[in-house]
Amino acid sequence: MPRPFDVTAVEKKWQARWFDEGTYEVDNDDAREHFYALCMYPYPSGSAHQGHIRNYTFGDLVVRYQTMRGKAVLSPFGFDSFGLPAENAAIKAGSHPRVFTEARMAELKSSVLRLGAVFDWRREVYSHDPKYMKWAQAIFLAFFEAGLAYRAEAPVNWCPGCATVLANEQVLADGTCERSGDLVQRRNLEQWFFKITDYAEELLHDVDALEWPERVKTMQRNWIGRSEGVEFDLPLEVDRGRALRVFTTRPDTGFGVTYAVVAPEHPMLDVLVTDDERAAVTRLVERATQTSELERTASSDAGSGLEKRGAFTGSFVVNPFTQESVPVYVADYVLGNYGTGAIMAVPAEDERDFAFAKAHGLKIVRTIEPPEGFTEGAYSGEGAHINSGFLNGLDVASAKAAATTFLEEHANGVTKVNYRLRDWLVSRQRFWGCPIPIVYCDVHGIVPVPVEQLPVVAPDDVVMDKSGQSPLATHEGFRNTTCPVCGEPARRETDTMDTFTDSSWYFLRYADPFSEDKAFDPVQAAKWMPVDQYIGGIEHAILHLLYARFYVKALIDIGWAPGLEREPFRRLFTQGMIRLDGSKMSKSKGNLVAPEGYFDTVGADALRLFHLFVGPPADDVDWTNQTDEVIDGCARFLDRVYRLSHYDECFFHDQKNAEDDEVLREVHRTILKVTEGLERWSYNTAVAALMELLNTLSKWARRPEGAHRATLDDSLDLLLRLLAPMAPHLTAEMWEERHPGERGVHASAWPEADPAMVTRASVVMVVQIDAKVRARLDVPPEISEADATRVALAAPEIVATLGGATPQRVVARPPRLVNIIP
RNA sequence: GCCCGGGUGGCGGAAUGGCAGACGCGGAGGACUCAAAAUCCUUUGCUCGAGAGGGCGUGCGGGUUCGAGUCCCGCCCCGGGCACCA
């Protein structure tokens with residue numbers, strides 16, 4: 001496609017200028033109003049894919065737009081540079097992950113530069129930078145000292161493919177690893193955890209006030225999973241001094257408890273099992289603890305196999321409501337690490353209990369009257385209580401309250417809040433991550449590495465082999481050290497931290513990357529935080545955002561960040577995904593459409609414009625065989641802007657007339673449309689408004705009668721300023737041509753619409769009969785209801801259609817429409 | 001199963017309860033050209049009609065309203081998230 005200008009030369013020129021001159025460097029003490037714009041910390045997977053391009057197109061638009069609005073905009077860049085893909089690639093190539101990673105970083109950086117995205121490059125941060133690692137480790141130690149990091153043995157998710165432990169968050173619903181797809185196994189290992197559960201309530205509560213997509217807020221709430229209920233005792237039948245403690249959210253159904261269930265991991269199981277049942281229970285427990293999470297959860301469909309997934313323990317407990325003895329079962333549908341690991345079972349009102357009761361022939365007693373027509377199964381809805389002694393006749397809410405009081409008085413009951421959220425397992429048995437700065441001494445136990453010895457950096461002379469085991473674990477020089485307390489030989493921790501820890505505080509380092517003696521200066525950080533606009537993919541809706549929120553709250557609480565707001569990301573925008581052939585575009589799927597080809601041909605501005613124009617920014621984009629044509633269309637639009645700014649085929653007249661004035665009014669209306677579009681993330685309509693304006697201008701200036709020259713010049717300048725955040729290279733170039741020696745378009749102020757210029761001289765009013773359009777009339781925009789009615793009824797088409805009859809009713813909504821009901 | 005989104009021309013999409021389809025892609029016709037590309041102009045929801053003009057149209061069925069793509073009720077379909085959390 002021949003272009004009227006040299007796209008590549010223009011883009012290179014401006015990219016070099018922005019980079020070399022540090023145009024978008026910004027000081028913490030800048031006197032202008034501060035604005036922190038941030039795109040999510042990218043993993044350096046190589047040159048950018050269209051998802052990155054989309055992200056940085058939006059981010060750069062925000063940066064340039066807010067700058068033109070007179071703000072000091074912090075726009076930093078860096079790399080989430082630790083992670084498994086680099087390690088796997090290094091194993092394959094027999095090289096070091098750093099070599100691989102830094103090559104990928106250079107590629108990604110080149111892509112964002114070629115996109116024309118602007119950053120304060122002095123603030124660049126990357127996770128495997130020892131300067132960053134030092135403080136990542138210092139934070140770990142501070143958490144450790146504050147009791148927020150602890151070591152515990154726990155059943156963990158072990159992925160055989162990745163040869164590492166995974167966080168709950170990295171295990172998919174079907175029990176497979178999110179990365180490798182392998183079936184995750186359960187193992188008991190000593191691991192490091194962060195006590196994120198201490199913050200469950202605050203993390204849940206603070207979600208409400210965030211200006212985030214509702215969808216993301218809901219996901220966060222669901223993930224935290226708060227549930228209120230009662231914990232109480234079910235005394236053992238044989239020894240009423242001992243009891244099985246259970247948690248329930250439905251104390252009101254207590255009269256319907258016909259059995260109890262403990263998890264296979266329950267500590268009291270040994271006491272509960274009688275000799276007769278021991279063999280069967282042992283078999284079940286072994287199966288439950290050794291089989292994968294998948295098998296344990298898979299059979300939820302219609303409760304199949306339930307008879308094999310539970311066994312009678314031989315013991316009985318006493319239902320405090322009925323004083324009846326009920327059997328205790330062990331079953332794998334009860335989880336050991338939630339609540340008390342034991343439940344009261346109410347088959348009539350709980351689906352799972354119902355299925356289990358059916359499978360084992362257990363008694364079912366309804367305690368809530370199901371509605372008319374309800375036939376079979378558990379009923380968990382509203383209704384009046386029956387078969388429930390003192391609760392009879394009460395609705396669910398009142399019965400809950402009464403039952404809770406009863407349990408408090410008779411069964412050591414306490415109201416209790418449980419969360420689905422678990423502590424964050426941060427240990428990873430991998431090499432390419434930030435080492436956990438801990439030493440194990442035979443005498444002194446767990447000893448933190450002194451801060452002055454940080455960072456603990458992995459050695460370079462490692463052999464990345466195919467065993468899958470971290471080379472740190474077997475590297476004698478790394479592993480063997482001395483105890484910081486006593487100086488005797490000791491072992492280093494060889495696990496590294498989950499890479500989500502790196503992305504949990506990078507935005508704080510961006511705000512102050514200059515401090516050498518601390519992770520960030522809280523006074524400097526507070527000058528930018530919280531992030532005013534965070535932009536990233538929906539795939540981080542739970543993990544990254546939850547962890548980063550936790551980090552900030554914890555850092556404030558341990559005294560590292562006084563004065564910071566407790567939520568790091570005030571506004572979040574989640575962009576849609578790019579899909580090719582219906583599936584998400586990602587490197588692992590090999591379905592990337594590299595942007596480099598577009599940079600070389602249509603140019604970055606056209607590609608940016610495409611991403612803005614193709615649809616609502618939050619929606620997914622289907623990359624189809626029509627896409628290249630749409631991108632060409634965007635390039636065509638830019639060409640037309642260029643030609644018009646060179647008065648290509650234009651004619652002029654000297655005296656400004658009414659038509660010229662109306663065109664300028666159209667420009668001012670466009671200012672409103674574009675500004676509104678940018679403010680409410682409607683970039684596609686903002687671009688459309690500019691296209692419409694160009695159509696108007698070019699039609700007007702190319703008529704033989706011509707256009708008023710000064711009016712065209714004013715219009716062009718306004719158009720270029722509105723287009724500047726979207727297509728920065730071309731607008732910068734044209735502005736320089738039109739205003740040599742003056743400051744650039746991006747340094748000029750965002751246009752303000754003149755209120756006197758946005759109204760039209762006349763507008764088209766629609767006249768309907770019975771809601772069908774019968775006439776269109778030119779009327780003044782301020783026409784009154786009476787006048788509107790009068791001119792409507794006088795219109796020839798209306799007179800003809802009505803045929804002299806008096807209308808029953810006239811609805812006038814001046815100046816848009818009049819509807820006549822005959 | 002539960003919780004969110006979303007169903008509008010051939011396609012991407014637009015529309016504070018007020019002219020459905022802005023803008024773009026694609027298509028058709030034309031101008032320029034020896035020719036093509038590029039560019040420019042016209043046209044383009046479906047349908048009946050030679051035409052003027054008419055009818056029908058926002059997943060389906062109801063409702064509210066002078067007026068519904070938009071609000072309410074009940075369905076269907078697609079996408080995403082969660083899913084033994086007691």
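This report describes helix and strand packing, aromatic pairs and charge-over-ring contacts in a predicted model.

Local features require pLDDT of at least 70 and side-chain atom pairs count only at pLDDT 80 or more, while totals for chains, interfaces and linings use all residues. Residues are numbered from 1 along each chain as its sequence is written, and side-chain values use heavy atoms, with hydrogens and water left out.

**Helix and strand packing**

Helices (H or I, at least four residues) and strands (E, at least two) are DSSP runs numbered from the N terminus. Buried denotes under 20% relative accessible area with a 1.4 Å probe, protein chains only. In helix α6 (residues 200-207), the residues Ala-200, Leu-203, Leu-204, Asp-206 and Val-207 are buried. These buried residues pack against α7 (214-224), β8 (226-235), β14 (414-419) and α17 (543-557).

Strand β14 contains Asn-418, which counts as buried because its relative accessibility is 10%. Beyond its neighbours within four places in sequence, Asn-418 is in contact (heavy atoms within 4.5 Å) with Gly-225, Arg-226, Ser-227, Phe-247, Tyr-338 and Gly-339.

Helix α17 also belongs to a right-handed β-α-β unit with β22 and β23; right-handed means that, with the strands pointing away from the viewer, the path from the first strand over the helix to the second runs clockwise. Strand β22 (residues 533-537) pairs with β23 in the parallel sense over four bridges, where pairing requires at least two DSSP bridges. Tyr-534 stands opposite Leu-572 of β23. Strand β23 (residues 572-575) is covered on both faces, with Leu-572 and Thr-574 buried on one side and Phe-573 and Gln-575 buried on the other.

**Aromatic pairs and charges over rings**

Rings of Phe, Tyr and Trp (its six-membered ring) pair if their centres lie within 6.5 Å; planes under 30 degrees apart are stacked, over 60 edge-to-face and the rest tilted. The whole structure holds 51 aromatic pairs. Two edge-to-face examples are tabulated.

| Pair | Centre distance | Plane angle |
|---|---|---|
| Phe-507 and Phe-569 | 4.9 Å | 70° |
| Phe-610 and Trp-623 | 5.5 Å | 75° |

Phe-507 lies in helix α15 (residues 506-511) and Phe-569 in the loop between α17 and β23, so this pair ties together parts 62 residues apart in sequence. Both Phe-507 and Phe-569 are buried. Phe-610 and Trp-623 are buried as well.

A charge sits over a ring if NZ of Lys or CZ of Arg is within 6 Å of the ring centre and within 35 degrees of the ring normal. The charged end of Arg-420 sits over Trp-223, 4.4 Å from the ring centre, and Arg-709 lies over the face of Tyr-647 at 4.1 Å.

How values were computed:
Chains lettered and ligands numbered in written order. Buried < 20%, exposed > 50% of the residue type's maximum accessible area, 1.4 Å probe, protein only.
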